[in-house]
Amino acid sequence: MSLRILDVFFSLVGLILGLPVFMLIYLIGLFDTGSPLFRQKRVGRNQQPFTLVKFRTMAIDTASVASHLACATSITPMGSFLRKTKLDELPQLWNVLKGEMSLVGPRPNLFNQVELIAAREKLGVYDVRPGITGLAQVNHIDMSTPELLAEKDSEMINSLSINSYFKYILLTVTGSGQGDRVR
């Protein structure tokens, strides 16, 4: 079975079943930041740009940098909860449904992360769709260590199977991987 078929099925089911949760987070987000959705250009498959959608977890005026370079004080109280529960990632199911992302793949980086782009390019990481979670995320490896992240991404790509696809999703849902750290 194709992993893309699984992506489409699970993202569609997640969007439909998650609609009440999406609406609740959106409404609370209106009071938290006034702008509950966050859109940002990211590097996609074949280094093509796409617009990643997430629930906003930081103040609106926060600089557009990788999470590990952002200041922790910019995270809102609601944002802290969303990050801990990984609910901030839910809108990315739309990116998965559109074919811009996969549920499992290397996390999409920003275009200004030159070191990471070079390391990933060298290892062929951009040959696949970026993902919501993957091997690096469940092993607490974030974008602050570009070479190590690119190596883990490449390792995941070269060994990805239906079993590991479900394993990474299950580990993420049950709390493994804390996402990118914030200083």
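This report describes salt bridges, helix packing and selected loop residues in a predicted model.

The model is predicted, and residues are numbered from 1 along each chain as its sequence is written. Local features need pLDDT of at least 70 and side-chain atom pairs count only at pLDDT 80 or more, while totals for chains, interfaces and linings use all residues; side-chain values use heavy atoms, with hydrogens and water left out.

## Salt bridges

Side chains of opposite charge can pair when their charged atoms come close. Six salt bridges are found in a search of the whole structure, a salt bridge being a side-chain nitrogen of Lys or Arg within 4 Å of a carboxyl oxygen of Asp or Glu.

Helices (H or I, at least four residues) and strands (E, at least two) are DSSP runs, numbered from the N terminus. Burial is judged by relative accessible area: under 20% is buried, over 50% is exposed, and values in between are partly exposed (1.4 Å probe, protein chains only). By this scale aspartate 88 is buried at 3% relative accessibility, and lysine 54 is buried at 12%.

A network of salt bridges links Lys54, Asp88, Glu89 and Arg107.

The expected span of a helix is 1.5 Å times one less than its number of residues. Helix α8 (residues 162–173) has twelve residues and should span 16 Å; its end C-alpha atoms are 17 Å apart, which agrees. The buried residues of α8 are Ser164, Tyr165, Tyr168 and Thr172. They cover an arc of only 110 degrees around the axis and therefore lie on the same side of α8; the arc is that of the directions from the helix axis to the C-beta atoms. An α-helix has 3.6 residues a turn, so residues three or four places apart point the same way.

The face of α8 turned away from its buried side carries the exposed residues Asn163, Leu170 and Val173. The buried residues of α8 pack against α1 (3–17), β3 (102–104), β4 (131–133), α6 (135–138) and α7 (146–159), where contact means heavy atoms within 4.5 Å. Just after α8, glycine 175 takes a positive phi of about 110 degrees.

Helix α7 has 14 residues and reaches 20 Å from its first C-alpha to its last, close to the 20 Å expected. Pro146, Leu149, Ala150, Asp153, Ser154 and Met156 are buried in α7. They cover an arc of only 160 degrees around the axis, which puts them on the same side of α7. The buried residues of α7 pack against β3, α5 (114–123), α6 and α8.

## Packing of α2 and α3

Helix α2 (residues 19–32) packs with α3 at an angle of about 145 degrees, the axes being 9 Å apart. Axes are lines fitted to C-alpha atoms, for helices over the stretch in contact, and angles run from 0 to 180 degrees between N-to-C directions. From α2, Ile25, Ile28 and Asp32 meet Pro77, Met78, Gly79 and Leu82 in α3. By class, this contact has five nonpolar, one polar and one charged residues. Ala, Val, Leu, Ile, Met, Phe, Trp, Tyr, Cys and Pro count as nonpolar, Asp, Glu, Lys and Arg as charged, and the others, Gly among them, as polar.

## Loop residues

Most residues other than glycine have a negative phi. Asparagine 46, although not a glycine, has a positive phi of about 55 degrees. Asparagine 46 is placed in the loop between β1 (37–43) and β2, and is partly exposed at 49% relative accessibility. Lysine 86, also not a glycine, has a positive phi of about 65 degrees and is placed in the loop between α3 and α4.

Proline 36 is found in the loop between α2 and β1 and is buried at 5% relative accessibility. Leaving aside neighbours within four places in sequence, proline 36 is in contact with Tyr26, Gly29, Leu30, Lys54, Phe55 and Arg56. The C-alpha atoms of proline 36 and lysine 54 are separated by 8.6 Å, the two residues being 18 residues apart along the chain.
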